[in-house]
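Here are my notes on the model you sent over.

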Amino acid sequence: MQLQIRLIIPLLLLATACQPPSQPVEIEFAVRYGAAAINCTSYDGEFALSDLRLYVADVHFLTLTGEAVPMQMLSRPPWQSGQVALIDLEDGEGECQNGSLQVNALINGVVPVGEYLGVEFTIGVPESLNHADPLRAQPPLTHTAMHWHWRSGYKFIRAGIRNSDDGIWLHLGSTRCEGVIGNLQGCAGSNRPQVRITPFDFRTELITFDLKVLFASADLFDGQIASCEMGPLDTACDGILDSLGLDPGSGNSFSSAAAFGKAAKQ
């Protein structure tokens with residue numbers, strides 16, 4: 001037994017020594033309407049925010065040689081697990097009547113020490129977690145407002161703007177799912193936007209989600225509240241999906257989502 005212990009300890013020390021040093025990283029998100037900041041009670045830029053929540057997964061940092069290095073996401077309940085994070089930029093005030101007071105603008109993780117040129121990530125819940133029961137799931141998949149009960153999956157994005165006369169909102173998630181509740185085999189329409197920002201410096205810059213770009217195709221002056229819930233008759237969806245780099249027919253990503261950009265931290 002003593003011999004086994006003596007052999008195991010050096011092996012553990014060797015394994016630890018072989019692990020590359022890591023550094024903490026933090027990605028901050030902000031919502032914009034064009035060049036203007038937007039929130040639930042301010043009408044800067046013509047509209048107030050009525051909702052902004054989104055899931056983020058598969059974060060990678062891009063090296064100078066173009067390699068995509070995965071970020072190890074840290075567990076930080078109730079906002080993130082080791083696989084997915086929830087960004088929540090509404091505070092339940094003003095037009096955000098379906099929201100909550102708690103907000104979260106950050107994703108935390110670690111990457112190997114090095115120089116990085118950019119970042120890329122996926123908007124959405126990984127398929128392996130997408131059909132979980134929010135009443136039994138682990139945070140951040142416990143937020144029932146982000147679950148699409150009738151589609152048996154999660155809403156990847158809840159976003160909306162409005163003023164006293166007009167507005168529009170989006171609920172994005174996977175569609176054309178096969179199977180029955182409790183036994184789903186996947187969805188033909190993935191609808192997970194891909195975002196790639198380069199160059200990007202997480203120390204001095206943040207990721208912006210521009211709702212003016214997201215809703216650019218909508219008629220926001222016709223006096224009617226429009227919506228996109230990914231239904232086959234939701235004509236408002238096509239232009240919105242294009243701004244997210246998604247093909248309306250297949251649900252596949254064809255480019256980085258144009259509605260995402262970057263700005264200097266204040």
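1. Overall make-up. The protein has 3 helices and 18 strands. Its radius of gyration is 20 Å, close to the 18 Å that the globule rule gives for 266 residues, so the protein is as compact as a globular protein of that length. Keep in mind that this is a predicted model.

2. Dimensions and packing. The C-alpha trace spans about 80 × 45 × 35 Å along its principal axes. Of the 266 residues, 45% count as buried. If you look at contacts with a separation of 6 or more, 70% of them come from residues 24 or more positions apart.

3. Disulfides in general. How many disulfides does a search of the whole structure find? The count is 3. With bonded cysteines counted along the chain, the pattern reads 1-2, 3-4, 5-6. As a reminder, a disulfide is a covalent bond between the sulfur atoms of two cysteines.

4. Cys40 and Cys96. These two are joined with an S to S distance of 2.1 Å. The link ties together distant parts of the chain, 56 residues apart: Cys40 sits in the loop between strand S2 (36–37) and strand S3 (48–63), while Cys96 is in the loop between strand S6 (84–88) and strand S7 (106–112). The torsion about the S-S bond is about -85 degrees, so this disulfide is left-handed. Both Cys40 and Cys96 are buried.

5. Cys177 and Cys187. Here the S to S distance is 2.0 Å. Cys177 belongs to strand S13 (residues 175–180) and Cys187 to strand S14 (residues 183–189), 10 residues apart. This link is right-handed, with 90 degrees about the S-S bond. Are the two partners buried or exposed? Cys177 is partly exposed, because its relative accessible area is 25%, whereas Cys187 counts as buried at 17% relative accessibility. The cut-off for buried is under 20%.

6. Cys228 and Cys237. The sulfur atoms of this disulfide are 2.0 Å apart. The torsion about the S-S bond is about 110 degrees, so the link is right-handed. Cys228 counts as buried at 0% relative accessibility, and Cys237 counts as buried too, at 4%.

Definitions and conventions:
Residues numbered from 1 in each chain as written. Predicted model: local features only at pLDDT ≥ 70, side-chain atom pairs only at ≥ 80, totals over all residues. Heavy atoms only, no water. Disulfide = S-S within 2.5 Å. Helix = DSSP H or I, 4+ residues; strand = E, 2+ residues; numbered from the N terminus. Buried < 20%, exposed > 50% of the residue type's maximum accessible area, 1.4 Å probe, protein only. Rg over C-alpha atoms; globule rule 2.2 N^0.38 Å. Contact = heavy atoms within 4.5 Å.
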